[in-house]
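Subject: Handing over the structure

Hello,

Here is the structure I promised to pass on to you. Have a look at it first, and then read on for what I found.

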Amino acid sequence: MEYTVGQRWVSHADAQLGLGIVVDIDGRRVTLSFPAVDEERTYAIDTAPLTRLRFKEGDHVATIDGVELLVTGVIEDRGLLLYRGTDHHDEEVVISELELNAFVQLTTPQQRLLNGHFDRNDDFALRVATLDHLDRLQRSDARGLMGSRTSLLTHQVYIANEVGKRHSPRVLLADEVGLGKTIEAGMIIQQQLLTGRSQRVLVMVPESLLHQWLVEMLRRFNLRFALFDAERLAEADGDNPFESEQLILCASDLFQGQDTLKAAALAAPWDLVVVDEAHHLAWSESGSGEDYQLVETLAARSRGLLLLTATPEQVGQASHFARLRLLDPSRFHSLEAFQAEEQGYRALSAQVEALQANEIPADLPEDVDTTEGADDIIKQLLDRHGTGRVLFRNTRAAVRGFPERHLHRYPLTPPEQYTHAVVDVDEKLHPERPFIDDSWLGFDPRVNWLEEKLKSLRPQKVLVICASADTAVALEHHLQMRAGIRSSAFYEGLTILERDRAAAYFADDENGAQTLVCSEIGSEGRNFQFAHHLILFDLPLNPDLLEQRIGRLDRIGQQSDVEIHVPYLEGTAQEVLLDWFDKGVNLFTDSCSAGNMIFERFKDRLLPELNQRSGEFDALIADTQTFTASTREELREGRDRLLELNSCKPSVAEPVIEQILADEQADTLQDYLESLCDSFGVEHEFHSEQCLILRPTEHMLTGHFPHLGEEGTTVTFSRDIALAREDLRFLTWEHPMLVEAMDMVHSTELGNAAIATLKLKGIPAGTMLLETVYTVNCVAPRELQVERFLPLSPMRLLVDARGKDLAELLPHQRLNDRVEKVKKPTALAIIKQVHDDVDAKMRLASAQAEERLAGILGAAEATMREELGAELARLEALRAVNPSIRDEELDHLRHRIEECAIHIQHANLQMQALRLIITT
Ligand SMILES: Nc1ncnc2c1ncn2[C@@H]1O[C@H](COP(=O)(O)OP(=O)(O)OP(=O)(O)O)[C@@H](O)[C@H]1O
């Protein structure tokens, strides 16, 4: 080709130079200036590694003055090109190639192929594989659920799958103590982040759980939360600190009395707000707590809200209702109506049972559409008249497989010193409290008993819980100093760091403490299931608190039966309360979600007994037993059964689990990772079955590979190995290493242009085949989540000389195995020859792909209308029974449907990869 001064060429040897301009031609040499890097280079004309840059109709180009042009025509004038096109005001402009911006990036496959920027065939194959995997993952039912380092438990997977998929995940996670609510929340957060539904998450937890949350999120979900405490906030430089990070974890107490801080948290946008131990959010008709008010305002501004509590009614039923209202104000609009509805749960449960047996009960509520199938009718019933879509509660009984709990009672003789001092109930239950010094340690028989018990249980770990920090500190001090028992204390006076050290010392198997003495803050949320002996040095009045205490040990991961030891002073309030919990409510061996309600019912009879046991006590125990039995029965037949139906559907969760396991068991991920490593210059070495060692090398393509440490990283593809070996990375399709590496392939040009030769029987040598891969490109705001309905949908075509598509005859894999690479000079020579032919074939391929696109878009729109339409129908139906649903809510959803439809209709094709194949 002839060179003319002013022409634009690119170096196919060094794409970083940008777009060059011919500035001089001198005999057999040509000189180009490369303004982007401010360099001039001179080449021998015969061997110059240069390709003429020639844009075509439909290309987008930019000038040095920043004008963006859509090319509509190209005119050649004395060796120079003039581009005609329209700018962003839709005005027609003509520019000379001299005006082109030198910072051109030749990234489209055609531009790169025709300008001689070829990739290796392996990179081409990697690109195609990446697109296929991305598309498969977008379509997968297990999307967002594959990456957690957890056992796949049915009830958790069900909840995460059900909630994580929602556009507005607003739920109360209220599984019984220790069934994995934190894990469920982590799974939901992870799914929301991975699918792009959420980006900014605020988690608020009691201070004593900060570190545990931080560690669980990182080690189980690869989620790196920023911990906001007073120290971190002090470093803020004037800007809103809550806008400086995407994932923030803080203590709920942080906001106590801090109006400026609250304003800052409220000013930041959140997609998802999570509140752990949410029973602390107190509300009553006469007023609500400061923390409730803060969460109420956050809840109104955030699309998603997760509230976690094992004991939703711990501070009363009104507060429980008030929290449900934060989640779904349209469904929970009146406390009275809610209470009335609860009375009807048993009848509702009977209707559900009939429906499950394929009968249609005669007395179904009027708003239920009986033309639907039984499953749908049940869903409508649960949603509109049952516990709603917002409440999830799994029970030990339903989850199964939990060890038993055994109570051991130790009567002790009350000392003289305690018999006079007692005035109120609190003091009767905790008689050591009035002693300002530690003298009570000397005569309280529980202390000596504790010492002996711990010695007899040695070396087994024992968790000791008492109500107050003072008691915990005194006891621990005594055990450590006087009794020589390795112990540690856990109470509110310690800093977060000290508390975590204490807990870690207790957890340490080899050189750790035998016992941890906790004040009440240790009875919530913490994981101590490595121990199976619990000593309750005293008892709380609130049954839910007792359940929380036992739950420290009786939780997922507990391998042995839980032994609960309770020392008590005979003939005192302690014995009365112990009897009532043990014989009346049977709380020690059987958890009960109605504990608080039962307490409220008998409080007026129980409290006087605590003061002075009377002849009525036996009757109280008998009445409590009868009431507890009937309440348990009522719940089992009514609310709990409805909740069970809502909270875990094995028929939904099990296929998802199977899907995840099948993906893990196949070698596909390992094979794909190895080809990624080969393309990016990362070394991989066999470590052991299902484990690889990855190491960076000096020849890395990008100088960096995501989540690969400088020293290398050992990874495993096996969930079982990952659960047993904390030191190995658990690689799944959703691990950030894979997600980011796949994104690197997808969003760059790697592998998008290649050239190869192929021996093919029956086809004359020199025939050209063009292998093209298109994906569907839909530009839409992320919050619309259009990719749910319209995934990448890669389309592969293999166009022969006559424009026929041979893709099915010659699948990609088969072709890959047989193509041979072409040396660069030969490749450049081929490109020069077939330049125009490639253009023509590409037009043919594009036309065929366009035809398929229409079908894909039509199907996507139909699915979207069906899914979102069902959501709209639910809201419309709810409004029929609940006038507080606002028109705006319905309008918003209708608007979303139409917005999605518009974006789907405007989706276009994007050519992702192009390979020129010449038969030999
Ligand atoms: N799927 C799982 N795989 C492995 N470990 C799990 C799984 N689910 C829960 N666990 C472990 O079980 C324990 C209890 O889980 P978690 O803390 O999430 O329960 P919780 O319901 O939030 O408890 P609480 O009611 O006490 O707040 C934790 O140690 C957690 O790591």
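Helices and strands here are DSSP runs numbered from the N terminus, with helices being H or I over at least four residues and strands being E over at least two. Counted this way, the protein chain holds 31 helices and 33 strands.

Two notes before the details. Numbering starts from 1 along each chain, following the sequence as written. This is a predicted model, in which local features need pLDDT of at least 70 and side-chain atom pairs count only at pLDDT 80 or more, while totals for chains, interfaces and linings use all residues.

**Confidence and overall shape**

The predictor's confidence in each residue is pLDDT, on a scale from 0 to 100. Its mean over the protein chain is 88, and 98% of the residues reach 70 or more. Do keep in mind that where pLDDT is low, the predicted coordinates should not be read in detail. The model scores are ipTM 0.99 and pTM 0.82.

Along its principal axes, the C-alpha trace of the protein chain spans about 115 × 70 × 55 Å. Of the 920 residues in the protein chain, 42% are buried. I call a residue buried if 20 or more other C-beta atoms lie within 10 Å of its own, exposed if 12 or fewer do, and partly exposed in between, with C-beta atoms placed from the backbone.

The domain bounds come from an automatic or database domain assignment. It gives domain 1 (8-105), domain 2 (106-119 + 749-920), domain 3 (154-331 + 388-394), domain 4 (333-387) and domain 5 (406-646). Between the C-alpha centres of domain 2 and domain 3 the distance is 40 Å.

**Around the ligand**

Where does the ligand lie? Domain 3 and domain 5 both give residues to its shell, so the ligand lies between them. In total, 19 residues surround the ligand, the closest being Thr150, Gly180, Lys181, Thr182 and Ile556. A residue is near a molecule if its C-beta atom, placed from the backbone, lies within 6 Å of it. Helix α4 (residues 181-194) gives the largest share of this shell, three residues.

By type, the shell has six nonpolar, ten polar and three charged residues. Nonpolar here means Ala, Val, Leu, Ile, Met, Phe, Trp, Tyr, Cys and Pro; charged means Asp, Glu, Lys and Arg; the others, Gly among them, are polar.

Helix α25 (residues 650-665) has 16 residues and reaches 21 Å from its first C-alpha to its last, close to the 22 Å expected at 1.5 Å a residue. The expected span is 1.5 Å times one less than the number of residues. Ala653, Val656, Ile660 and Glu664 are buried in α25. They cover an arc of only 80 degrees around the axis, which puts them on the same side of α25. The arc is that of the directions from the helix axis to the C-beta atoms. Turned away from the buried side of α25 are the exposed residues Pro650, Ser651 and Ala662.

An α-helix has 3.6 residues a turn, so residues three or four places apart point the same way.

In helix α8 (residues 290-301), Tyr292, Leu294, Val295, Leu298 and Ala299 are buried. Their arc is only 160 degrees around the axis, which puts them on the same side of α8. Ala300 and Arg301 are exposed on the other side of α8.

In α28, the buried residues are Met737, Leu738, Ala741, Met742 and Val745. Seen down the axis, they fall within an arc of 120 degrees, so they line one face of α28. Glu740 and Ser747 are exposed on the face of α28 turned away from that buried side.

**Backbone details to look at**

Most residues other than glycine have a negative phi, and most peptide bonds are trans. The peptide bond from arginine 458 to proline 459 is cis, with omega near 5 degrees. Proline 459 is in the loop between α17 (445-457) and β20 (462-465).

Arginine 78 is not a glycine, yet has a positive phi of about 50 degrees. Arginine 78 sits in the loop between β7 (68-77) and β8 (80-86), and is exposed, with 6 other C-beta atoms within 10 Å.

Enjoy exploring!

Best wishes
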